[in-house]
Amino acid sequence: MTNQAQADKISAGQGFIAALDQSGGSTPKALGLYGIESDGYSSDAEMFDLIHGMRARIAEAPAFTGDKVVGAILFEMTMDREIGGKPTPSYMWEEKGVVPFLKVDKGLADEENGCQVMKPMPELDTLCERAVAKGVFGTKMRSVISAANTDGIKAVVSQQFEVGKQIIGHGLMPIIEPEVTISIADKAEAEDILLAELTAELDALPADQQVMLKLTLPSSANHYKSLVDHPRVMKVVALSGGYSRDEANAKLAENTGMIASFSRALTEGLSAQQSDDEFNDTIASSIDSIYQASIAG
């Protein structure tokens with residue numbers, strides 16, 4: 001890693017990673033939860049202006065600092081915009097002490113064997129070069145597992161590591177995210193298969209390479225503890241995956257060494273209609289509760 005201070009910040013892990021990377025597909029829902037319905041904007045450009053306003057409001061809140069928020073995952077358009085008069089990645093690190101990451105995937109392919117790999121990313125090298133130039137530390141990319149199917153899960157993990165190695169080649173830290181859908185009946189079985197596949201890929205990495213993992217909170221506490229302790233893993237972070245913030249925090253606190261990387265659970269309770277004081281109080285409470293769950297294990 002080119003920035004040792006950022007690597008140290010993530011490795012120490014005394015805090016959590018804010019997921020501020022809603023894409024075009026998930027932005028309308030995020031805005032709706034924020035109190036801005038679809039009739040509140042008339043174009044994609046207006047929609048993205050509004051979501052950037054929400055993200056900027058979160059980032060500028062007094063409680064949003066590296067004391068409790070060690071990192072933030074940004075949408076590409078967020079990386080290219082400014083907060084507080086600075087490029088967003090620079091604002092995050094220089095003003096807030098928060099390590100910037102970038103969502104790089106382009107969405108999910110159609111389901112096969114109960115799983116969805118990522119769509120092709122032909123512009124990934126160019127995007128990584130831009131990210132490096134803007135001071136981004138790492139990347140994040142998401143696949144989805146919706147069945148305990150060995151072939152499907154193997155395909156997901158194999159693709160994640162193949163692309164992860166490409167990202168490492170640019171000096172960036174990849175966050176590998178094979179999300180297990182929380183509502184499936186065979187979730188625990190899928191997690192067993194996923195653990196085996198992730199371990200095999202990690203064991204095969206060269207000694208001088210590391211990745212991060214972003215995983216669904218497991219059905220059994222500390223199911224992924226061996227990954228937390230793996231020398232090829234810088235940090236294991238947890239996604240909230242549809243759980244409420246209270247549920248996600250309770251489950252996270254049971255898992256030693258995992259920290260949060262919540263999106264919807266972080267923004268729960270925020271509203272465009274809130275005064276600045278109300279908004280800042282709400283996000284401060286959210287940050288504190290997620291921070292406490294992240295260090296509880």
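Guide: What follows is about the salt bridges. This is a predicted model, in which local features need pLDDT of at least 70, side-chain atom pairs count only at pLDDT 80 or more, and totals for chains, interfaces and linings use all residues. Residues are numbered from 1 along each chain as its sequence is written, and side-chain values use heavy atoms, with hydrogens and water left out.

A salt bridge here is a side-chain nitrogen of Lys or Arg within 4 Å of a carboxyl oxygen of Asp or Glu. By this rule there are 17 salt bridges. One of them joins the side chains of Lys-68 and Asp-288, at 2.7 Å from N to O. Lys-68 sits in the loop between α3 (44–60) and β2 (69–74), and Asp-288 in helix α12 (residues 276–296), 220 residues apart; helices (H or I, at least four residues) and strands (E, at least two) are DSSP runs, numbered from the N terminus. Lys-68 is partly exposed at 27% relative accessibility, and Asp-288 is partly exposed at 29%; buried means under 20% relative accessible area, exposed over 50%, and partly exposed in between (1.4 Å probe, protein chains only).

Glu-76 and Arg-130 form another salt bridge, with their closest N and O atoms 2.9 Å apart. Glu-76 belongs to helix α4 (residues 76–79) and Arg-130 to helix α6 (residues 124–133), so the pair ties together parts 54 residues apart in sequence. Glu-76 is partly exposed at 23%, and Arg-130 is partly exposed at 28%. Both residues belong to a network of salt bridges that links Glu-76, Asp-80, Lys-106, Arg-130 and Lys-134.
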